[in-house]
Amino acid sequence: MRNTHTFLAKLIHWTFIPLYAYGIFKQVDDLSQLEDPSLLNFEILFATVFLVIVLLRYFYMKDTPTLLGAHDELPKGHLFIAKMVHRLVYFSLIMLPTTGLLIAGLFSLETGGVEIAISIHEFSADLSYVVIALHVGATFYSRFKGEGLWNAMVPIWKETEKNNSNLVSRLEVIEKKVYKEIEDKFIKE
Ligand code: HEM
Ligand code: HEM
């Protein structure tokens with residue numbers, strides 16, 4: 001079985017990060033800014049391009065096995081958490097431009113309800129910070145354990161071998177209990 005992501009998957013993963021960072025940093029600070037038609041049009045164009053790229057990425061990646069670089073077979077509970085976090089990343093990345101476009105629509109039509117759309121938009125941004133931080137944290141944790149997942153997506157600072165330290169053995173005992181709990185609660189055979 002293939003144990004690394006394709007060149008295209010890596011290219012999309014790494015080039016998407018500056019796009020996301022740009023979207024977050026260029027954010028609209030105030031609703032009144034949308035009175036400027038050129039800014040409003042630019043926001044609509046940006047959100048549309050962002051949304052199309054996220055959807056194309058999702059459909060390209062959706063049949064790729066999760067954590068495919070692992071040296072050993074991973075517990076079902078582990079894969080369940082990883083898939084859940086990836087799905088939440090996609091969900092927040094779809095909600096951000098969609099609610100942005102909703103704000104643009106409600107603002108232009110002056111129908112009201114724009115404040116609610118802004119609240120959902122802000123929630124989507126906060127959700128993206130949390131799930132992406134979890135994702136990056138989990139990836140570094142896996143790199144520390146030397147499981148092989150890192151090498152499948154990250155082209156630098158490659159892992160060389162599994163970490164067999166006492167600390168990792170103790171952490172793995174705790175992890176196994178968590179995975180077992182998740183399997184019993186959420187994964188039906
Ligand atoms: C230092 C930062 C990052 C590192 C080291 C990293 C590492 C990785 C690794 C190793 C995988 C492969 C997991 C697997 O095999 O299933 C992966 C997948 C993924 N990453 Fe990251 N990542 C980083 C930042 C980000 C950011 C900022 C985003 C979102 C904007 C993101 C979104 C995703 C998604 C959605 C996947 C699932 C596979 C896909 O659809 O591309 N990552 N990442
Ligand atoms: C991919 C596209 C977009 C991204 C990544 C994005 C990102 C953000 C972020 C990070 C915030 C701050 C949220 C917070 O404070 O927690 C924000 C606020 C906001 N965004 Fe967006 N946005 C996008 C598209 C749009 C579009 C298309 C519009 C409307 C034309 C829009 C209008 C607003 C407004 C009105 C606010 C709230 C400003 C305030 O606090 O009054 N955004 N956006």
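**View 1. The largest pocket.** In this predicted model, 47 residues line the largest pocket, and L67, A82, H86, H135 and T139 lie nearest its centre. Two or more lining residues come from each of helix 1 (7–25), helix 2 (37–61), helix 3 (76–109), helix 4 (114–145), helix 5 (149–153) and helix 6 (166–186). The space in this pocket is about 1400 Å³. Its lining has 30 nonpolar, ten polar and seven charged residues. A pocket is an open set of points on a 1 Å grid over the protein atoms alone, where a 1.4 Å probe fits, with protein on both sides within 12 Å along at least five of seven lines; lining residues have an atom within 4 Å of a point. Grid points are joined across faces, edges and corners, and the volume is the space filled by probe spheres set on the points. Ala, Val, Leu, Ile, Met, Phe, Trp, Tyr, Cys and Pro count as nonpolar, Asp, Glu, Lys and Arg as charged, and the others, Gly among them, as polar.

**View 2. The second largest pocket.** This pocket holds about 640 Å³ of space. It is lined by 28 residues, and Q27, V28, E43, I103 and H121 are the closest to its centre. At least two lining residues come from each of helix 1, helix 2, helix 3 and helix 4. By class, the lining divides into 18 nonpolar, four polar and six charged residues.

**View 3. The iron atom of ligand 1.** H13 (NE2) and H135 (NE2) coordinate this iron atom at 2.0 Å. H13 belongs to helix 1 and H135 to helix 4, so the pair ties together parts that are 122 residues apart in sequence. Ideal angles for six octahedral donors are 90 or 180 degrees. Donors are N, O and S atoms within 2.8 Å of the metal (3.2 Å for Na, K and Ca); water is not among the atoms, so sites may look incomplete. H13 is buried at 13% relative accessibility, whereas H135 is partly exposed at 25%. Buried means under 20% relative accessible area, exposed over 50%, and partly exposed in between (1.4 Å probe, protein chains only).

**View 4. The iron atom of ligand 2.** Which protein residue donates to this iron? The single protein donor is H121 (NE2), 2.1 Å away. H121 sits in helix 4. H121 is also among the residues closest to the centre of the second largest pocket.

**View 5. K145 and its polar contacts.** K145 lies in helix 4. It is buried, with a relative accessible area of 1%. Its side chain makes a polar contact of 3.1 Å with the side chain of E147. Another polar contact, of 2.7 Å, joins the side chains of K145 and E175. A polar contact is a pair of N or O atoms within 3.5 Å; within protein, one must be able to donate a hydrogen and the other to accept it, and residues adjacent in sequence count only if both atoms are side-chain atoms.

**View 6. Two loop residues with positive phi.** Most residues other than glycine have a negative phi. L67 has a positive phi of about 55°. This residue is in the loop between helix 2 and helix 3. L67 is buried, at 17% relative accessible area. W157 has a positive phi of about 50°. Its place is the loop between helix 5 and helix 6. W157 is exposed, at 55% relative accessibility.

**View 7. The whole chain.** The protein has six helices and zero strands. Helices (H or I, at least four residues) and strands (E, at least two) are DSSP runs, numbered from the N terminus. The C-alpha trace spans about 60 × 35 × 30 Å along its principal axes. Of the 189 residues, 34% are buried. L149, in helix 5, is 41 Å from L39, C-alpha to C-alpha.

**Notes.** Residues are numbered from 1 along each chain as its sequence is written, and chains are lettered from A and ligands numbered from 1 in the order in which they are written. Local features need pLDDT of at least 70, side-chain atom pairs count only at pLDDT 80 or more, and totals for chains, interfaces and linings use all residues, while side-chain values use heavy atoms, with hydrogens and water left out.
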